[in-house]
Amino acid sequence: MIMTYMGIDIGSTTVKIVVLENERIIYQSYKRHYSDMTNSLVRMLSDCYKELGDIRCSVAITGSGGLSVSEWLNLPFVQEV
């Protein structure tokens, strides 16, 4: 069975996305958000969708800016420490 996971790290200056399929990286992106986390994340997720298409995956969010985004998207937040 194929297991696909997406991790989103929203830090104080950057947003990072990685998608794993059976422990192999199939997508990754790293960008500065210039204090606009929301629009940066939306653009990055759109780019990910364009590359991978409509996939089913488990998603978790971490990082200093991740808690508010996890609540906004109703996704699990994982403390990174």
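Helices (H or I, at least four residues) and strands (E, at least two) are DSSP runs, numbered from the N terminus. The structure is a predicted model, in which local features need pLDDT of at least 70 and side-chain atom pairs count only at pLDDT 80 or more, while totals for chains, interfaces and linings use all residues. Residues are numbered from 1 along each chain as its sequence is written, and side-chain values use heavy atoms, with hydrogens and water left out.

Strand β1 spans residues 4-10 and includes Tyr5, which at 38% relative accessibility counts as partly exposed, a class lying between buried (under 20% relative accessible area) and exposed (over 50%), computed with a 1.4 Å probe and protein chains only.

When neighbours within four places in sequence are left aside, Leu41 is in contact (heavy atoms within 4.5 Å) with Ile8, Ile10, Val15, Ile17, Val69 and Leu73.

In helix α2, which comprises residues 66-73, Gly66, Val69 and Ser70 are buried. These residues lie on the same side of α2 because they cover an arc of only 100° around the axis, the arc being that of the directions from the helix axis to the C-beta atoms. The buried residues of α2 pack against β1, α1 and β4, and just after this helix Asn74 takes a positive phi of about 55°.
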